[in-house]
Amino acid sequence: MNYSKIIDISIPLTEKTIVYPGNPQIKIEEIKSEASKSIISQITSGSHNGTHIDAPRHAITDAKSIDELPLDIFMGSCRVLDCTGDTSSISRDTLESHSVLNGERILLKTTNSLRGFDEFHPDFVYLSPEGAEYLAAAGAILVGIDYLSIKQKDSQDNRPHTLLLEKDIPIIEGIDLSQVEPGEYILVAFPLKYVGIDGAPARVVLLK
Ligand SMILES: [Zn+2]
């Protein structure tokens, strides 16, 4: 594999990291062991904090958990699509204009990345249900978006999750694409091996 740089698109994890409203905050407590003279940290977090990957079980009962997805989905060629022209939701038209191919890993760059992750913006750009339908039908094998959720805040329409997850297409949420030009990269995004659950944090990088 040839590459000249690694671009880290993960959000830093601290107690100040923004979390989706209603999700548990991150808590990190340093514990010093007098006996062993070593330091460990007790970490408390939700499974959907920071940069993380949604498994099918997040939206579909008894569907695959994060550890049951094949690892080859999470590493390989990917394409970052410029969706910064869509200021409310990413439309089907925008995605069709990029001609998504069968087997592609797709990351959606929106104005969310440009606003940053220092505070929570409830009006974040999300994926429209029609856009999700297109990506699933086109044969994308993984979809990522640069905010903590792929669906509109407070919407009862969960299709942006379900249309992808019912096809075992994992969703990377909470990636920072502010330093990433649209184009082709190698994605490396392995979720932590928590067993049986709905999602897990991941260190997500792009190789160029
Ligand atoms: Zn999630």
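The legends below describe close-up views of a predicted model of a protein chain.

**View 1. The whole chain, given as context for the close-ups.** The protein chain in this predicted model contains four helices and twelve strands. Its C-alpha atoms fill a box of roughly 60 × 45 × 35 Å along the principal axes. The radius of gyration is 17 Å, which agrees with the value near 17 Å that a compact globule of 208 residues would have. Buried residues account for 39% of the 208 residues, and among contacts between residues at least 6 apart in sequence, 75% join residues at least 24 apart.

**View 2. The largest nonpolar core and the surroundings of Leu135.** The largest nonpolar core comprises 44 residues, and those with the most contacts inside it are Ile53, Leu135, Val143 and Leu164. Strand E12, residues 199-207, supplies the largest share of this core, namely four residues.

**View 3. Helix H3 and the elements packed against it.** In helix H3, which spans residues 129-138, the buried residues are Pro129, Gly131, Ala132, Tyr134 and Leu135. These buried residues pack against strand E6 (89-90), helix H1 (92-97), strand E7 (105-109), strand E8 (126-127), strand E9 and helix H4. Just after H3, Gly139 takes a positive phi of about 100 degrees.

**View 4. Strand E7, enclosed between its neighbours.** Because five of the five residues of E7 are buried, the strand is largely enclosed by the rest of the structure. Arg105, Leu107 and Lys109 point one way from E7, whereas Ile106 and Leu108 point the other way, and all are buried. Strand E5 (residues 75-82) pairs with E7 in the parallel sense over five bridges, and within this pairing Val80 stands opposite Leu107. E7 is also joined to E9 by four bridges, again with the two strands running parallel, and here Leu108 stands opposite Ile145.

**View 5. The hairpin of strands E2 and E3.** Strand E2 (residues 27-32) runs antiparallel to E3 and is joined to it by six bridges; Ile31 has Ile40 in E3 as its bridge partner. The two strands form a hairpin with six residues between them. Strand E3 (residues 39-44) is hardly covered, since the count of buried residues among its six residues is zero. In the loop between E2 and E3 lies Lys37, which has a phi near 65 degrees, a positive value in a residue other than glycine. Most residues other than glycine have a negative phi. Lys37 is exposed, because 7 other C-beta atoms lie within 10 Å and a residue with 12 or fewer is placed in that class.

View 6. Ser149 is found in the loop between strand E9 (142-145) and helix H4 (159-165). Not counting residues up to four places away in sequence, Ser149 touches Tyr20, Tyr126 and Glu173. Ser149 and Pro160 are eleven residues apart in sequence and 9.5 Å apart in space, C-alpha to C-alpha. The loop between E9 and H4 also holds Asp154, which has a positive phi of about 70 degrees although it is not a glycine.

**View 7. Gly183 in strand E11.** Gly183 is found in strand E11, which covers residues 183-191. With 12 C-beta neighbours inside 10 Å, Gly183 counts as exposed, because the exposed class takes in residues with 12 or fewer. Gly183 and Asp157 are 26 residues apart in sequence, and their C-alpha atoms are 30 Å apart in space.

Key
Residues numbered from 1 in each chain as written. Predicted model: local features only at pLDDT ≥ 70, side-chain atom pairs only at ≥ 80, totals over all residues. Rg over C-alpha atoms; globule rule 2.2 N^0.38 Å. Buried ≥ 20, exposed ≤ 12 C-beta atoms within 10 Å, placed from the backbone. Contact = placed C-beta atoms within 7 Å. Core = buried A, V, L, I, M, F, W, Y, C linked by C-beta atoms within 7 Å. Pairing = 2+ DSSP bridges.
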